[in-house]
Structure formats: C-alpha cells, structure tokens
Amino acid sequence: MKVLIVGSGSLSDSRLLADRCKWADLVIAADGGALHLARSGLVPHILLGDFDSIPASVLEKLTGRKDVEVIRHPVRKDYTDMELAVDLAADRGATELVMLGACGSRLDHTAGNIFLLHKLLDKGIEGHIEDDKNQVYMIKDSLKINKQGNRKVSLLPLTSSAEGITTKGLSYALHDDTLFFGINRGISNEFEEDTAVITLKKGVLLVFISED
C-alpha cells in the first residue's frame, strides 16, 4: 500500500502535493500538515496529532467530516506527530511511503524526520522524504534512481563507515569503495546516465537528490 504523510514543515509546491495525493492509497495529515492539504483543496484520509499546529478552523472542518478518521494524541508525549504517523502507516500495511512537509526551519525536526527513514528501513518499507528541491533516501543495500534535470546526488554515511559502495551512472564513480562518517567526499555527484544505481555491502547510507 502506498502511503503519503504530510507534515507541517515547508511545502511550497502544490503540484507535488497533488501528484503525491493521486499516487497514494492512504493520505495521513500529521497535525499542521492538514493546512497544506486544505490550501490545495485536498482532504486526508486520516488526521493525526496533538493538534497544536493546526488552525482551529481547519481542525473543525476535518473533525466534522465522516470520511476523515481523526486520531488525537496528548500534547505531552514521547513521540513527534510525524513519528506517530509513520508508526500508524506501518500498522496499516504500508509498503511504500513518502513524507512531504518533513523539512523546515526547525533543524531538530528536520533531522529527526530524516532519521525516521531508519525505522522504515528496519520495517522493510520503501520510503523517502521529498520537497520541491530534494529527495532523501536511506539505504543499506541498493537504490535505483532516475535523472532529474540538473539535480546532484550526494552520499553521506550514517554509520561510522559505509563500505563496499559501487555506483553506476554517476560521473564520479565508486568501485567497492568506503565513505566515512563526517567526511563529505560523497557530496554533489552528477548523473552521467538517465538511470543510476548505488549499492553498498555494509553500513547505512543517506542518498540526497538535490538542486539549488
């Protein structure tokens, strides 16, 4: 099942939001993410959170709809709304998951949401974070990606090292190579072909597809 989670972070591309809503079998609004949907005339299947970042008018409209499942959590809790949404998606049978509105001015929330990709990795769910300029993946085996305009590809290990990395279709090729945590050798690679493949044998690797 394809699941879209919309958070309350930055989300300026309404077309991306609309396209992802069409793609998804299930749309979950994590608290203030419901405002992004409302601005585009879209409605989530599930509204979840402590509702501290959603306008009262939007909350009232959604709670009054029979086609929206509302799940309220207390303000004082151990998990963020985005993590609760990820856990719910997994419980509901997600096989693919995209997070929009997962990045913004709060770097702690942005980092925390990126790290949630590790939870998806452990659960065997294909997932990534996306906005109008970036896609972020976390892998421990392989990833196939398509060229997107002039976007760059960056590889950053999350473990002390990511070993046995081989890339195909990128300008600066790696062949059974190692990247180390805290060293930015993998930043700003470029597509050489329409499709690129990244594989690794050991460790965890973040893959960014980004444009300025």
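The paragraphs below take the sheets, then the helices packed on them, then the cores, one lysine and the cysteines.

This is a predicted model, in which local features need pLDDT of at least 70 and side-chain atom pairs count only at pLDDT 80 or more, while totals for chains, interfaces and linings use all residues. Residues are numbered from 1 along each chain as its sequence is written, and side-chain values use heavy atoms, with hydrogens and water left out.

Helices (H or I, at least four residues) and strands (E, at least two) are DSSP runs, numbered from the N terminus. Two strands pair if DSSP finds at least two bridges between them. On these terms, ten strands make up an open sheet with mixed pairing, in the order S4-S3-S2-S1-S5-S6-S7-S14-S9-S12. Its edge strands are S4 (69-72) and S12, each of which pairs on one side only.

Strand S7 (residues 134-139) runs antiparallel to S14, and six bridges join them; methionine 138 has leucine 206 in S14 as its bridge partner. S14 (residues 205-210) is also joined by six bridges to S9, again in the antiparallel sense, and here serine 154 stands opposite phenylalanine 208 of S14. S9 (residues 152-157) pairs in turn with S12 (residues 189-190), antiparallel over two bridges. Within that pairing, valine 153 faces asparagine 189 in S12.

A further open sheet has four strands in the order S8-S13-S10-S11, with antiparallel pairing. S8 (142-146) and S11 (177-180) stand at its edges with a single partner strand each, so one side of each has no neighbour in the sheet. From one strand to the next, the twist averages 30°; axes are lines fitted to C-alpha atoms, for helices over the stretch in contact, and angles run from 0 to 180 degrees between N-to-C directions. S10 (residues 161-168) and S11 run antiparallel and are joined by three bridges. Serine 161 stands opposite phenylalanine 180 in S11.

Helix H4 (residues 81-91) is largely enclosed by the rest of the structure, because eight of its eleven residues are buried. Buried means under 20% relative accessible area, exposed over 50%, and partly exposed in between (1.4 Å probe, protein chains only). The buried residues of H4 are Asp81, Met82, Glu83, Leu84, Ala85, Val86, Leu88 and Ala89. What covers them includes S1 (2-6), S2 (26-30), S3 (46-49), S4, S5 and H5, where contact means heavy atoms within 4.5 Å. Just after H4, glycine 93 takes a positive phi of about 100°.

Where does the nonpolar packing lie? A nonpolar core is a set of buried Ala, Val, Leu, Ile, Met, Phe, Trp, Tyr and Cys residues joined through side-chain atoms within 4.5 Å. The largest such core has 30 residues, of which Val3, Ile5, Ile28, Leu97 and Met99 touch the most other members. S1, S2, S3, H4, S5, H5, S7 and S14 each supply at least two residues of this core, and the largest share, six residues, comes from H4. Leaving out residues up to four places away in sequence, isoleucine 28 touches Val3, Leu4, Ile5, Val6, Ile46, Leu48, Ala85, Leu88 and Ala89.

The loop between S4 and H4 contains lysine 77, which is partly exposed, with a relative accessible area of 26%. Lysine 77 and aspartate 50 are 27 residues apart in sequence, and their C-alpha atoms are 9.0 Å apart. Not counting residues up to four places away in sequence, lysine 77 touches Asp50 and Leu84. The side chains of lysine 77 and aspartate 81 are joined by a polar contact of 3.4 Å. A polar contact is a pair of N or O atoms within 3.5 Å; within protein, one must be able to donate a hydrogen and the other to accept it, and residues adjacent in sequence count only if both atoms are side-chain atoms.

How many disulfides are there? With a disulfide taken as a pair of cysteine sulfur atoms within 2.5 Å, the count comes to zero. Cysteine 21 is in no disulfide, and the nearest cysteine sulfur, that of cysteine 103, is 17 Å away. Cysteine 21 counts as buried at 16% relative accessibility, whereas cysteine 103 is partly exposed, with a relative accessible area of 21%.
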